[in-house]
Amino acid sequence: MAKPASSGGKSGVRIVVAGDRGTGKSSLIVTAAADTFPTNVPPVLPPTRLPEDFYPDRVPVTIIDTPSRVEDAVRVAEELKRADAVVLTYACDRPETLDRLSTFWLPDLRRLEVKVPVIVVGCKLDLREENQQVNLEQVMSPIMQQFREIETCIECSAFRHIQIPEVFYYAQKAVLHPTGPLFDQESQTLKPRCVRALKRIFILCDLDRDGALSDTELNEFQVKCFNSPLQPAEIVGVKRVVEEKLPGGGETDRGVNERGLTLTGFLFLHALFIEKGRLETTWTVLRKFGYNNDIKLADELIPIFKRAPDQSTELANEAIEFLQATYEIYDGDYDNNLRPAELEDVFSTAPESPWDEAPYKDAAEKTALGGLSISAFLSKWALMVLLDPSHAVENLIYLNYPGDPASAIRIMRRRRLDRKKQQSERNVLQCFVFGPKNAGKSALLNSFIGRSYSESCPSSAEQSYAINVVDLPGGIKKTLVLKEISEGGIKKLLSSKESLAPCDVAVFVYDSSDESSWKRTTDLLVEVAGHAEDTGFEVPCLVVAAKDDLDSFPLAIQETTKVTQDMGIGAPIPTSSKMGDSSNVFRRIVYAAEQPHLNIPETEEGKSRKQYHRLINRSLMFVSVGAAVAIVGLAAYRVYATRKSSN
């Protein structure tokens, strides 16, 4: 039977108890399990299991005792590494054991990279003398500031049965309902990812989209998360608490308005629950809406798209329409310019903006004001769908996409079949851009997304992207993705058999003023074409003569024409990013991708191999014909012999 959402899917919690010799580890465990103080305990207890119904979350707890001898340090380290939570003990009557937590045990956990909640427990509270009473909060505050992994501190007495069950309850709770992902202890505020998740939940529950949860909506939320409705008096009480704390001077900072509980009030309530130690309340809400301990949607909610290496993925029409409508909502002034702040609002219900880092960050054209047009906005989505469709759909869900997430993506026909049918039906085409260093690859990508020549500089990354829409005659639009492959990244790329499978067309850029650049480009063309022939993932290839504003090297036309003709591809396309005449190149790339059976280069080795196969096939045909003639002759002879014998 599956564990309830409130437990985060955990089927059990493993708690390891560690500390100095004589601090009361074994007595603590026995008293918790047997509810009686032991008179004699062995040096180290075997694993102790608390039953499933011991605590409200109904998740069984296994407690591991550890030895205190120096020679057992390796064994203790192994147990700590397998822990879901660690209980560190000190003896209340021996202050030196408390000091050892910050001088040895806590640093040792960090050294071992044990990144789990830690519960600090003072045992033998009954042995502390009256004149040695301490304020636990004052004593532990400096240690907790230094070691943020400490979840809570508690003192207990096994002999007097003081706060024994609470020790392991706090440890279990720290695993099932951790504070770290939700709350920043230092600033005493909800963490950004928690705020974003709760905002999305609030929007989902605000069924009439009026920016507040009415009493009815609040009740439906309560039933969904906790399986019981709120009584009218309880709703009034909740709203009164929020109103008292957040009276608000304006519309946005009020906790309650005439329509109900606002987002500000909703977030305040959760911060209040956490401050009062009721983390399970917020975790129950998050898990009911599919979030895991990282406050991201659980893996099982994200569809996986299985496809052949040479199949690409694109947005379905319904998803495109949803994103167009989303753009219009957040482009408040309708100027076709989604500013950075507005784009942040778009993803304010996702754990973070998926476009803050490479390869998406600078991949699309920006407006003069640094924003995104609707075309650039959809282009970035197209790139995300192409590279990582599951991640793209996950973000659609964060944006509260109303349709079936699995149907938001189209899996396109195999490129191998496109070549047989001599046409491509793709709307998003991917072009790999090869070339030696300083050939003009980065300048070509920059010109594609509207960056001026002066901004262009060689990319230091092994791969970088530029994506834009290419307008074709008849109002046809295709989205083109340029993927720059650095010269240093080619070896790594071609180490994989399927590396060219996602490529619709390959472009080879060389500096038309530099003969050595042309020769290196020729080598790259042969290398890539040979890999394509060996793996069966042939792609159309084009050659681009960059820096056309400079004088060509001697014999440029003669040499380039000979190589391209010998390999069966088109002559180099002249272009100059400096002069801004690259648009023809991008249309030519799209045309080549749409006719995938053309411009496929042949190497000398490939030609020899093809000739060899022709000879073999011809020989087999002659052998087959000869065998057929022999069989017919033998049959005729047998008929003749039969007739002769009968005569």
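**Helix packing and aromatic contacts**

In this predicted model, Glu300 is found in the loop that runs between helix H10 (279-288) and strand E12 (313-315). Glu300 has a relative accessible area of 69% and is therefore exposed, the cut-off being over 50%. Between Glu300 and Ser373 the separation is 73 residues in sequence and 34 Å in space, C-alpha to C-alpha.

Helix H8 (residues 232-245) packs against helix H9 (residues 263-275) at an angle of about 95°, and their axes are 10 Å apart. H8 is therefore roughly perpendicular to H9. On the H8 side the contact involves Val238, Val241, Val242 and Lys245, which meet Gly265, Phe268, Leu269 and Leu272 in H9. Of the residues in this contact of H8 with H9, six are nonpolar, one is polar and one is charged.

Aromatic pairs number 17 in the whole structure. One of them joins Phe37 and Phe159 in an edge-to-face arrangement, with 5.3 Å centre to centre and 90° between the planes. Phe37 belongs to the loop between helix H1 (25-34) and strand E2 (48-50), and Phe159 to the loop between strand E6 (150-155) and helix H5 (164-176), so the pair ties together parts that are 122 residues apart in sequence. Phe37 is partly exposed, at 32% relative accessibility, whereas Phe159, at 52%, is exposed.

The ring centres of Tyr169 and Tyr170 are 6.0 Å apart and the planes are at 50°, so this pair is tilted. Tyr169 is partly exposed at 23% relative accessible area, and Tyr170 is partly exposed at 30%. One aromatic cluster is formed by Tyr327, Phe347, Trp355, Phe377 and Trp381. Lys224 lies over the face of Phe289, 4.9 Å from the ring centre.

Technical notes. Residues are numbered from 1 along each chain as its sequence is written. This is a predicted model: local features need pLDDT of at least 70, side-chain atom pairs count only at pLDDT 80 or more; totals for chains, interfaces and linings use all residues. Side-chain values use heavy atoms; hydrogens and water are left out. Axes are lines fitted to C-alpha atoms, for helices over the stretch in contact, and angles run from 0 to 180 degrees between N-to-C directions. Helices (H or I, at least four residues) and strands (E, at least two) are DSSP runs, numbered from the N terminus. Angles under 35 degrees count as roughly parallel, over 145 as roughly antiparallel, 65 to 115 as roughly perpendicular and the rest as oblique. Contact means heavy atoms within 4.5 Å. Ala, Val, Leu, Ile, Met, Phe, Trp, Tyr, Cys and Pro count as nonpolar, Asp, Glu, Lys and Arg as charged, and the others, Gly among them, as polar. Buried means under 20% relative accessible area, exposed over 50%, partly exposed in between (1.4 Å probe, protein chains only). Rings of Phe, Tyr and Trp (its six-membered ring) pair if their centres lie within 6.5 Å; planes under 30 degrees apart count as stacked, over 60 as edge-to-face and the rest as tilted. A charge sits over a ring if NZ of Lys or CZ of Arg is within 6 Å of the ring centre and within 35 degrees of the ring normal.
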